[in-house]
Amino acid sequence: MEYRKLGNTDLELSTITYGAFAIGGTMWGGNEQKDSIASVKASIEYGVTTLDTAPFYGFGLSETLIGQAIQGYDRSKIQLLSKFGLVWDGSNQGKGDYFFDAEEAGKKMPIYKYASKANVIKEVEESLKRLQTDYIDLLQIHWPDSTTPIAETMEALELLLQQGKIRTAGVSNYSVDQVKEARNTLNIASNQVGYSMLNRGIEQDLVPYALENNLGLIVYSPMERGLLTGKYFTDGRLKENDHRNGYFQQFDLKKVEAFLHTLQPIAEAKGATLAQLVLRWTSLQPAITLVLAGARNAEQAITNAKAMEIHLSAEEVNFITTQLARI
């Protein structure tokens, strides 16, 4: 495994980072908790020491499972990344930005983006209990909240830093302008954003800014929620309540399938899966610090970790990038 420093901090994190959205179950057709815990443990054993979760993932379940899975390990050698700012239990009393309706136990649950100072403090205390720890290595706002001044949110993070409840602070899904505004109050370390072979919009502005200003970039959905593994094209059956049934429709699936066929010979020559090739390519892109990869069981977790063992030459990276232009 390769480890990288995050932005302007001394925090060293595993380049492949365990993404814990799916193990929450919500929006992913449920989960098997024993398999989820096994996937976390397998990740750690294979060098993936950095685990990224959030209260919203499974409405607390993801953090709870992470907290259970890390028991018995040296906490100082594991980095916990979590978030705040998506509220579902009505504790915001109608404040914040309405985001969307999630479904839980057959009922629609309104989700709000809410990042007031009081709510940040409240959520962190809840996360610490679920994670069974007394500090979070990197705390990130989950989505921008237009109803709360960015400075107020950053002041809450600054207080948590002073209290030792978090080691460093970052943001998620922020534009360059929002990052700049946040840094007027607090020198945040990172921005977590969506990025993949099929979603490269950040290369236009955020990547150049990150390179010039020592901002770590943590990218999620590098495999587009499983689409770039190729499995969807050989076994496209998803559970009815799996959000990917609609999510995949934004892409030209015929072109994506054709692109994956061009990658197959490279993967086979290296004894790798398409998923591993996709993860490795992503890790080699400019300014990308960490690449999130989810896993539902130990086998998938080990496969993700081993992606960093693949060597891709500059010529191979450029070939893949050229093929992407055809999608």
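## Basis

The model is predicted: local features need pLDDT of at least 70, side-chain atom pairs count only at pLDDT 80 or more, and totals for chains, interfaces and linings use all residues. Residues are numbered from 1 along each chain as its sequence is written, and side-chain values use heavy atoms, with hydrogens and water left out.

Helices (H or I, at least four residues) and strands (E, at least two) are DSSP runs, numbered from the N terminus.

## Helices α1 and α2

Two packed helices are described by the angle between their axes and the distance between the axes. Helix α1 (residues 33-45) packs on helix α2 (residues 61-69) at about 55 degrees, and their axes lie 9 Å apart. Axes are lines fitted to C-alpha atoms, for helices over the stretch in contact; angles run from 0 to 180 degrees between N-to-C directions. That makes α1 oblique to α2. Angles under 35 degrees count as roughly parallel, over 145 as roughly antiparallel, 65 to 115 as roughly perpendicular and the rest as oblique.

The crossing of α1 and α2 is right-handed (the near helix is turned clockwise from the far one by less than a right angle). From α1, Gln33, Ser36, Ile37, Val40 and Lys41 make the contact; from α2, Leu61, Leu65, Ile66, Gln68 and Ala69 do. Contact means heavy atoms within 4.5 Å. Six of these residues are nonpolar, three polar and one charged. Ala, Val, Leu, Ile, Met, Phe, Trp, Tyr, Cys and Pro count as nonpolar, Asp, Glu, Lys and Arg as charged, and the others, Gly among them, as polar.

## What covers α2

Ser62, Glu63, Leu65, Ile66, Gly67 and Ala69 are the buried residues of α2 (under 20% relative accessible area, 1.4 Å probe, protein chains only). Their cover includes β3 (16-19), α1, β4 (50-52), β5 (79-84) and α3.

## Helices α3 and α4

Helix α3 (residues 117-131) and helix α4 (residues 150-163) cross at roughly 40 degrees, with axes that come within 8 Å. The two are therefore oblique to each other. Their crossing is right-handed.

Lys117, Val120, Ile121 and Val124 of α3 meet Glu152, Thr153, Ala156, Leu159 and Leu160 of α4. By class, this contact has six nonpolar, one polar and two charged residues.

## The sheet

Three strands form an open, antiparallel sheet in the order β6-β8-β7. Strands pair if DSSP finds at least two bridges between them. β6 (86-87) and β7 (97-104) are the edges; each has a single partner strand, so one side of each is left without a neighbour in the sheet.

Seven antiparallel bridges join β7 and strand β8 (residues 107-113). Alanine 102 has methionine 109 of β8 as its bridge partner.

Methods: Buried < 20%, exposed > 50% of the residue type's maximum accessible area, 1.4 Å probe, protein only.
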